[in-house]
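Take a look at the sequence and the 3D structure below.

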Amino acid sequence: MNGTQTPLRVAMIGYAFMGRAHSQAWRVAPRFFDLPLDPEMRVLVGRSRDRAEEAARHLGWAEVATDWREVVQRDDVDLVDICTPGDSHEEIAVAALEAGKHVLVEKPMANTLAEAERMTAAAERAAASGVRSMVGFTYRRVPAVSLARQMVADGRIGEVRQVRCQYLQDWLADEQTPLSWRTDKALAGSGALGDIGAHIVDLTHFVTGQRVAAVSGMLETVIRERPRAESFSGLGGVAGTERGPVTVDDVAIFTARLESGAPAVFEATRMAWGRKNAMRIEVNGSRGSLAFDFEEMNVLQHYDADAPAGEQGFTRILATEPVHPYVSAWWPPGHGLGYEHGFVHQVVDLVNAIAAGEQPTPSFADGLAVQRVLDAVEASHADEGRLHRISENA
Ligand code: SOE
């Protein structure tokens, strides 16, 4: 940031957990990375003016507004960052794109396949006049994950034979954790499937360079009723005495085939006591394996089947060195990064792509590819687990 650059004036809609993570990213990115545009945290949008004003003060936004429809039309806004629950993504994203604003939308990009298709069509129309759009699959930007993708692409584990992916959390394992928008199908679209299953589908697409082509799935709502919340904090809140139904899945399990025919297995759950944010992928190739677990997010494990027989075993690569993706902008070697850095890298990649006149990734088309998988898992579950094909040649 040098004060003479072209500004990139941002409006952010929503200011809860994701809004806080995005705010920090907009604030920090230009302080650690040389960006070709100067992000300005212009306006924070929330339904309650008082609460939005308090959030704006805390998070560093210049002003607040309560009507996103008016904000996406403003001449002093270049980019709309959507951090609301999924039920409003389509309406806001399409309106913003049609108003010529770049869009960053939180994952999963939509609550239904039809919404994601309409959003992708709108993004493609807008791209013709240089308007860019991106879905917030931030884990792509964890250095160890980016490194895994590079190593697969460079043939370091040979051909991908098999993938196993899990996203394990426990914040809904307690029956007293109250209902929230995340347990409400009308607002969230689905439960573990869309909230965290979407991440591991995108992770597989990103790391292997192949899309999921067919799935056979099972969904389960383990705790069917919960207390209504008196107040919220983080992912939980204070339970009241009234109770209500959980209308989303707690657990999503599916087997799959990738485009190459390679088998894959996925498990997403928010019921796994003791697992806090264990987003894991293990890829077995013809010449070795790679394994990543977000609970040790600075480490990528590599097994090289071509190493001398007496020296084989998983090597822990510490992805904390200046040669690793994104790391040179941060701390001295070995000092490590955290959850929030993926959001900062997301801003960096988005701003660079906008300035270069390129389509950032993951694009809305990439988000739609994930949505097709989520939709197929739901369809397979409704169909007693039968195989559902996503691409013709599966
Ligand atoms: C809750 O499951 C959650 O906050 C997800 O919504 C996020 O996408 C993930 O990054 C962490 O867990």
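The model is predicted: local features need pLDDT of at least 70, side-chain atom pairs count only at pLDDT 80 or more, and totals for chains, interfaces and linings use all residues. Residues are numbered from 1 along each chain as its sequence is written.

**Two domains**

The protein is divided into domain 1 (7-138) and domain 2 (141-360 + 372-379). Such bounds come from an automatic or database domain assignment. The C-alpha centres of domain 1 and domain 2 are 23 Å apart. Domain 1 gives 32 residues to the contact, and domain 2 gives 32 residues. Two residues are in contact if their C-beta atoms, placed from the backbone, lie within 7 Å.

Which elements each supply at least two residues of the side of domain 1 that touches domain 2? They are helix H1 (17-32), strand S5 (102-106), helix H5 (113-127) and strand S6 (133-136). Helices (H or I, at least four residues) and strands (E, at least two) are DSSP runs, numbered from the N terminus. H1 brings the largest share, nine residues. By class, this side of domain 1 has 20 nonpolar, nine polar and three charged residues. Here Ala, Val, Leu, Ile, Met, Phe, Trp, Tyr, Cys and Pro count as nonpolar, Asp, Glu, Lys and Arg as charged, and the others, Gly among them, as polar.

**The sheet**

Six strands form an open sheet with parallel pairing. Their order is S3-S2-S1-S4-S5-S6. Two strands pair if DSSP finds at least two bridges between them. Strand S3 (63-65) and S6 are the edge strands, and each pairs on one side only. From one strand to the next, the twist averages 25°. Strand S1 (residues 7-13) and strand S2 (residues 38-45) pair over seven bridges. Met-12 has Leu-44 in S2 as its bridge partner.

Two packed helices are described by the angle between their axes and the distance between the axes. Axes are lines fitted to C-alpha atoms, for helices over the stretch in contact, and angles run from 0 to 180 degrees between N-to-C directions.

| Helix pair | Axis distance | Angle |
|---|---|---|
| H5 and H10 (residues 364-382) | within 9 Å | roughly 165° |
| H8 (residues 192-208) and H10 | 9 Å | about 125° |

The angle in the H5 row makes H5 roughly antiparallel to H10. H8 and H10 are therefore oblique to each other. Angles under 35 degrees count as roughly parallel, over 145 as roughly antiparallel, 65 to 115 as roughly perpendicular and the rest as oblique.

H5 passes H10 in a left-handed crossing, while the crossing of H8 and H10 is right-handed. A crossing is left-handed if the near helix is turned anticlockwise from the far one by less than a right angle, and right-handed if clockwise.

On H8, the residues that meet H10 include Leu-193, Gly-197 and Val-201. Their partners in H10 include Ala-369, Val-373 and Val-377. The contact of H8 with H10 has eight nonpolar, three polar and one charged residues.

Where is Pro-108? Pro-108 sits in the loop between S5 and H5. The peptide bond from Lys-107 to Pro-108 is cis, with omega near -15°. The bond from Thr-361 to Pro-362 is cis, with omega near -5°. Pro-362 lies in the loop between helix H9 (339-356) and H10. Tyr-326 is not a glycine, yet has a positive phi of about 70°. Look for Tyr-326 in the loop between strand S16 (315-318) and H9.
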